[in-house]
Amino acid sequence: MTGDTASLRRALAAKIGGGSLKDPAWRAAVGSVPRELFLGAGLFRPHGSLWEPVRRATVGEEEWHRLAYADTTWVTQVEGVDATEAVGPLTGRPTSSSTLPSLVVRTLEVAGIHDGDKVLEIGTGTGYSTAVICHRLGDANVTSVEYDSRLAESAAASLHTAGYAPTLVTGDGLHGYRDGAEYDAVVATCAVRHIPRSWRWQLRDGGSPHPSAAGWWRPA
Ligand SMILES: C[S@@+](CC[C@H](N)C(=O)[O-])C[C@H]1O[C@@H](n2cnc3c(N)ncnc32)[C@H](O)[C@@H]1O
């Protein structure tokens, strides 16, 4: 299944690697993780002020793969409605997406995440970024939290199909996940108004967590 898209994955990894990304291990992860699998059966394309649902079954496999391997953020849920459920274009706020791969790996690089680190990700979404982290660090070092139970279920299924088995938690990521602490880094793929205390407490000793525009926190 993933063999079909191997060349597209390699091309995306090469494109990202030719930019500002320095760490070849993150490039290798992009070259390995089948993003089409995490996009499921539908996504939303912006159309003026509307979100237009695009279905895999309608556009066909070739176009679907082209979309999957574009270095683009694809919105997968608008106001809680999944792209596969929408009967026509929607207005509203995106509530879940698959972040553009270059930003996923750039964030992880800027966070200084290296082999052997233990990472807590907040906002599993489709599970794509979770898979990228697992590819490098191994399942045992990755915990991801998603508060939408349907998205969490779908991400779990996609991760399983892709061969990854991180610790997946359904709940409010603002509480972190104490049972898996301590972590070397906390990566948030969702917006937060402030850094929750739980994240600070669940980071390993070694300094205060500090934020960056990219959305990561780790001890200094
Ligand atoms: C940008 S999307 C995730 C992108 C994802 N990492 C990927 O690569 O597909 C952000 C996700 O965070 C989830 N989310 C938002 N606030 C959350 C919270 N407080 N706790 C857990 N998940 C949250 C949303 O439901 C959404 O699925």
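This is a predicted model: local features need pLDDT of at least 70, side-chain atom pairs count only at pLDDT 80 or more; totals for chains, interfaces and linings use all residues.
**Notebook: who holds the ligand?**

I started with the shell around the ligand, and β5 gives the most to it, with 4 residues.

**Entry 1: the neighbours.** How many residues surround the ligand? I got 23, and the closest are Ser96, Thr126, Ser129, Glu146 and Gly173. Next I looked up which helices and strands supply at least two residues of the shell each. My list has β5, covering 94-98, then α7 at 128-137 and β7 at 142-146.

**Entry 2: what kind of residues?** I sorted the shell by type and wrote down 14 polar, 6 nonpolar and 3 charged residues.

Entry 3: I went through the oxygen atoms of the ligand. In the side chain of Ser96, an N or O atom is 2.7 Å from a ligand oxygen. For Ser97 I had to look at the backbone instead: an N or O atom there lies 3.1 Å from an oxygen of the ligand. Thr126 uses its side chain, where an N or O atom is 2.6 Å from a ligand oxygen. Then I checked the cover: on its own the ligand has 610 Å² of accessible area, and the protein covers 91% of that.

**Entry 4: where is this spot?** Why does the ligand lie between domain 1 and domain 2? Both domain 1 (3-98) and domain 2 (101-217) give residues to the shell, so the ligand lies between them.

Entry 5: Which peptide bond did I mark as cis? I marked the one from Ala181 to Glu182, with omega near 10 degrees. I found Glu182 in the loop between β8 (167-170) and β9 (185-188).

Where does Glu79 sit? I traced Glu79 to the loop between β3 (74-78) and β4 (81-82).

Key. Residues are numbered from 1 along each chain as its sequence is written. Side-chain values use heavy atoms; hydrogens and water are left out. A residue is near a molecule or strand if one of its heavy atoms lies within 4 Å of it. A polar contact is a pair of N or O atoms within 3.5 Å; within protein, one must be able to donate a hydrogen and the other to accept it, and residues adjacent in sequence count only if both atoms are side-chain atoms. Accessible areas come from the Shrake-Rupley method with a 1.4 Å probe; for residues, only the protein chains shown count as cover. Ala, Val, Leu, Ile, Met, Phe, Trp, Tyr, Cys and Pro count as nonpolar, Asp, Glu, Lys and Arg as charged, and the others, Gly among them, as polar. Domain bounds come from an automatic or database domain assignment.
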